[in-house]
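Subject: Structure for you to look at

Hello,

Here is the structure I said I would pass on.

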Amino acid sequence: MSASASAVPVLVARDLEVVRAGRTLAHVDALALLPGDVHVLLGANGAGKSTLLKALNGVEEAHGTLEFEGREVATAAARLALRRRTAAVFQRPYLLATSVHANVASGLRLRGASRAEARRRAAAALDLLGIAHLAGRKPDRLSGGEAQRVSIARALAVDPAVLFLDEPLAALDPPTRRVLVVELLDIFAQRAMAVVWVTHDRDEALAVGDRVSFLENGRIVQTGAALDVFAQPASASFADFLGLDAYLEGEIVNAADSSTVLRLASGVEIACREAADGPAVACLPPEDVVLFAGPPAEHSTSLRNVLPGMVKSVSPSGRLLLVVVAAECVDIAALVTRAAAEELGLEVGGSVVAAFKASAVHPIARHERRLS
Amino acid sequence: MAISARNQLPGTVRTVVLGAVMAEIVVDVGGHDVVSVITRHSAESLDIKAGDELTVVIKSTAVMLEK
């Protein structure tokens, strides 16, 4: 799904730090962006994601080392050169009060493309985003989704080596968001560009991220392959941010009888909410999981998911207990009362059965991408 | 069967409405209706029909209270 391990990073940051009025707004020990990878900067509002994005883009002055295509970006001229090879998209599209076509061509003209070349490449970018029919329209006659498509087309028209996206979907409605995610990931894969995607949305990070860095107080506290990071948050605050959900990775398969399952790599099938066929990660909130002392009799429960396992850990979570069950190939967390734990005689190493409704399992599509 | 869910209420099925994917079951629990939405698959495999006696199971974390 991501770039190959041997790929050479296009942008590398080391000990990069943005300091204003004696306060560190963002700091990165080490970050490498690979072509073909979508690197998500995830964190709460005010965590320093946008500041870091600007530092990586050369817009915000920063101490430390930034290397673009193997060369250090040390001077104002080098920062300008970096900005010419990158492009950015923000939550708001920031379009000029001219035609859609002129907007998309504007980035190319700024970068020195001839009028004819700008026209040709702008038309190709409009085509790519499916908005060629809007070429002559003014921004005030566009919907929010159309305007953001124009903004993305403008960024892609310059064929950037790195594309920076700062909450690009935050202002859009959910259906528009879903469609755009699929289209964008396809485009990124074809272009083999490095993408930095800032979001505060856990599900969006799961849907788009090859790699995820979690930011807190301006610092990256954890970085890694998206699912590894989500499965094992390294700090209590990151775990709080993510919630206690279990993440199940697999393939959505719809059966002829309209039931939907998530097929795990082991072949185990988890009944889940309706979703389109394809790779997905499903979130399972622990408050929706019940535990049985032993397997319930056949046809005795409406719960579609019944997974025998072993108690891996029991830890307090407020007034409740968080019980992690190592079921076949997957860990399932359940929140239960202390009274329930006592009654079931739960202890680490003991056998138990975790069970949950299909409707408790929320799949998020992870779109398979291949570099062409 | 020992189960962690704290609330297990015996009741009688009043109605079963089967949809394409889901089923809505209304259970009379001590004169009050409790509505359950489960998969059609589950409703069929448990063979739930009006008049059946069964147990409504609700986790304590899912119970809301109003005064």
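This is a predicted model: local features need pLDDT of at least 70, side-chain atom pairs count only at pLDDT 80 or more; totals for chains, interfaces and linings use all residues.

Domains of chain A

Chain A splits into domain 1, residues 11-242, and domain 2, residues 246-365. Their C-alpha centres are 36 Å apart. Where the two domains touch, domain 1 of chain A contributes six residues and domain 2 of chain A contributes five. On the domain 1 side, the elements that supply two or more residues are α7 (202-208) and α8 (226-231) of chain A. Sorted by class, that side of domain 1 has five nonpolar residues, one charged residue and no polar ones.

Helix α3 of chain A

Which residues of helix α3 of chain A are buried? The helix covers residues 100-110, and its buried residues are A:V100, A:H101, A:N103, A:V104, A:A105, A:G107 and A:L108. In an α-helix, residues three or four places apart point the same way, because there are 3.6 residues a turn. You can look for that spacing in the list. The cover over the buried residues of α3(A) includes β6 (86-89), α4 (115-128) and α5 (144-157), which belong to chain A. Just after α3(A) comes A:G112, with a positive phi of about 95 degrees.

Two alanines with positive phi

Most residues other than glycine have a negative phi. A:A21 is not a glycine, yet its phi is positive, about 50 degrees. A:A21 sits in the loop between β1 (11-20) and β2 (23-33) of chain A. Is A:A21 buried or exposed? It counts as exposed, because it has 5 C-beta neighbours inside 10 Å, and the cut-off for exposed is 12 or fewer.

A:A192 also has a positive phi, of about 55 degrees, although it is not a glycine. Its place is the loop between α6 (174-191) and β8 (194-199) of chain A. A:A192 has 16 C-beta neighbours inside 10 Å, so it counts as partly exposed.

Contact between chains A and B

How many residues of chain B are in contact with chain A? There are 17, and they meet 21 residues of chain A. On the chain B side, β3 (32-39) and α1 (40-45) of chain B are the elements that give two or more residues. α1(B) gives the most, with three residues. By class, the chain B side consists of eight nonpolar, seven polar and two charged residues.

Regards

Notes. Residues are numbered from 1 along each chain as its sequence is written. Chains are lettered from A and ligands numbered from 1 in the order in which they are written. A residue is buried if 20 or more other C-beta atoms lie within 10 Å of its own, exposed if 12 or fewer, and partly exposed in between; C-beta atoms are placed from the backbone. Helices (H or I, at least four residues) and strands (E, at least two) are DSSP runs, numbered from the N terminus. Two residues are in contact if their C-beta atoms, placed from the backbone, lie within 7 Å. Domain bounds come from an automatic or database domain assignment. Ala, Val, Leu, Ile, Met, Phe, Trp, Tyr, Cys and Pro count as nonpolar, Asp, Glu, Lys and Arg as charged, and the others, Gly among them, as polar.
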